[in-house]
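Here is a short briefing to read alongside the model. Have the viewer open, and pick out each residue as it comes up.

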Amino acid sequence: MKCLLIASESAEVLFHWSDREYRQNIQEKYGVSQEEGEGLPAFEDILSTLFAPIIISCSTLEDSYTSFTTENNHIYVLHQFDECLYIAVNGDGEEKEDDLRRKLYVLKKMVEVMFGMVTLSGNLLRKELRPQDTEQRARLWNYLQSLLETYSLLRENDQSFLVEAVERLIHPQLCELCIEFLERRLVQQLNSSVERAGEEVLHAFVLVHTKLLAFYSSRNASILSPSDLLALIVMAQNMYPSNVDLDDMSPEVSNEKAGRGETPVFEFVDPEIQMAEDSLHTLEINPPDPASPRRVFLEVSHKDGLYPMMPHSMYCLSLWPGITLVLLTKISSSALAISVYKYLEDFDKLEKRLHEGHGAPASARSPLNMQDIRSKMDKFIKSLEPHDLQYAQLQNVWAEFKSRAFSRAGSGFNKDLIPWCKNMKTQLCGIYRQCFLTGSLSADVTHRLSAGLQERAQAMVREKLVDWKDFLLVKSKRNITMVSYPFLFLNDFPGLVHFICVDRATGQMIAPSLNITERTTSELGKGPVANYIKNKVWALVRTTRRYLQKGYSTVTLRDGDFYFCYFLWFENETGYKLQSVDIPVLADDSPPIGMLAYDYYKLLRYYSKNHKGENVKCYELLTVHLGVIPTEIILQHCRQLASKLWEPSRNPLL
């Protein structure tokens with residue numbers, strides 16, 4: 001029994017997702033309280049009524065709660081993100097508080113990738129998450145629900161999403177060949193074509209299931225953060241699924257679903273309660289055109305700073321079932337987003353100073369030069385389209401702000417100006433929304449790579465990989481095994497059952513494959529045996545995160561027939577292990593440890609900055625040994641394994 005909810009401060013449901021058991025349980029309980037002969041209201045209205053006391057108490061209490069457990073053992077986790085309250089519920093005991101908190105942060109991440117800086121304005125985000133048009137709302141909610149389902153399936157079955165790091169296919173020659181092809185032929189041809197409509201391909205990568213075969217970024221592109229890349233993999237998998245469930249489908253069904261861009265989500269509609277369902281769940285929604293790009297908002301690093309939520313267009317092109325080409329393009333008006341972000345930062349800083357009670361921004365303590373901001377804002381407004389309604393609203397609010405802040409008759413820079421700072425931020429987010437979001441979830445159809453150009457890109461990559469297709473699909477399932485050359489783990493490390501090693505500086509991981517289906521045999525056996533080991537590994541990751549949250553960077557423990565180890569350490573760029581630092585102790589309700597929803601490891605690299613001038617790297621190693629192996633041998637194995645895995649001669653791409 002699971003539920004996720006986003007609500008406004010007025011208890012309006014902005015988005016909800018729930019499984020069939022939760023729906024049925026709530027509707028049955030609500031039906032008991034109804035007068036005889038009255039029909040059930042829409043499920044969305046039931047949720048609004050049910051959660052209203054929780055939402056109102058969170059918005060009114062100064063020191064609000066972040067989680068609680070009811071008498072029937074339902075766990076509730078809540079988090080206030082700006083003006084929206086995110087709520088996660090579990091009633092079947094399958095998820096703990098940490099799991100629910102992670103889901104809330106992942107949901108927030110996906111909303112940011114979908115809506116960008118509009119998420120900084122509660123009023124505008126409400127309009128995006130809950131459009132007036134019922135069909136548009138259904139399309140949006142169905143898409144967001146399917147993203148959550150896809151993420152949940154990946155986290156339950158894919159090691160890369162378990163530890164939130166990207167896994168690359170280990171075949172250096174083929175990877176280098178593909179990267180060279182992406183650089184010298186594909187991206188070069190796309191960016192020189194007149195059919196690109198002003199867009200420029202910044203990143204191109206090939207996915208085999210969830211694993212990265214090749215990744216290329218153009219010279220003027222920013223580094224794509226691991227968090228954003230993981231979110232894009234979720235979106236690609238959502239469009240062209242290739243998960244564990246599909247392995248048990250017939251090829252015809254699998255290919256048909258992938259060709260339509262459908263996601264094999266759980267079916268939540270119970271025939272007995274179909275009539276009581278919200279009308280959103282009974283609408284026939286046409287799937288989006290696969291040729292249409294999706295607008296995504298990603299982090300961009302420039303010489304003058306870091307800019308989150310910058311607009312890009314994402315093209316997800318299926319090569320074959322299980323193999324996907326993804327293109328990320330820079331749109332022609334992206335410079336406007338940078339300007340908007342800079343002004344949002346300026347007004348946010350001013351608002352914080354006014355809250356603190358400092359005087360005019362001309363004081364020595366203020367980093368703001370409001371006269372300079374005034375001049376630049378005047379020029380920025382003049383550069384916008386004067387016929388837009390949003391332009392007129394921004395111009396009016398800016399004129400009022402100037403009259404209050406700069407004129408002699410105005411109140412000057414004091415707390416009376418705070419509402420106008422908020423209003424300016426709302427209007428700037430409105431300009432951003434007008435330019436990058438209004439009209440559709442997908443990118444503007446008039447400014448995109450033409451369908452013909454996309455088809456040529458597909459054909460070029462297919463021609464290059466056609467002889468490798470079957471090999472890649474098998475390789476993705478058995479990327480590294482315990483008997484793989486050049487590693488030969490069973491020979492070098494007798495008693496080693498499994499390991500996961502993660503380079504947190506690059507956001508990449510290495511681990512032997514875990515195949516748990518009855519049809520696939522591995523060194524761990526198949527079916528129940530492999531699944532038993534998998535469950536142990538998943539439990540180990542959860543345990544080590546709890547210890548890491550409490551400030552421990554080393555964990556060793558025995559569990560029945562197995563001995564588990566976890567190590568976190570820092571190295572400089574020459575591979576010299578740096579002296580350990582004090583890991584910060586985090587509160588129980590702190591953001592989850594990981595990279596997808598919140599990059600915890602940036603915090604760790606900050607704590608290691610006493611090594612100035614050095615490129616500090618952060619590593620994690622988890623191992624599972626047979627319990628009969630002596631402890632000193634296990635620790636020796638861990639040291640040797642960590643050194644061996646990242647040797648450039650063995651793994652040049654990593």
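This is a predicted model: local features need pLDDT of at least 70, side-chain atom pairs count only at pLDDT 80 or more; totals for chains, interfaces and linings use all residues.

Residues are numbered from 1 along each chain as its sequence is written, and side-chain values use heavy atoms, leaving out hydrogens and water.

**Around D99**
- D99 counts as buried because its relative accessibility is 10% (buried means under 20% relative accessible area, with a 1.4 Å probe and protein chains only).
- Beyond its neighbours within four places in sequence, D99 is in contact with E94, R155 and R542 (contact means heavy atoms within 4.5 Å).

**The nonpolar cores**
- The largest nonpolar core has 119 residues, and F51, F380 and F401 touch the most other members (a nonpolar core is a set of buried Ala, Val, Leu, Ile, Met, Phe, Trp, Tyr and Cys residues joined through side-chain atoms within 4.5 Å).
- This core lies between domain 1 (2–157) and domain 2 (166–242 + 291–332 + 447–466), because both give residues to it; the domain bounds come from an automatic or database assignment.
- A second, separate core of 34 residues has M509, L514, L540 and M595 among its members.

**Around Y341**
- Y341 sits in helix α11, residues 334–356, and counts as buried because its relative accessibility is 13%.
- Between Y341 and M309, the C-alpha to C-alpha distance is 8.9 Å, with 32 residues separating them in sequence.
- Leaving out residues up to four places away in sequence, Y341 touches M117, L306, Y307, P308 and M310.

Note on methods:
Buried means under 20% relative accessible area, exposed over 50%, partly exposed in between (1.4 Å probe, protein chains only). Helices (H or I, at least four residues) and strands (E, at least two) are DSSP runs, numbered from the N terminus.
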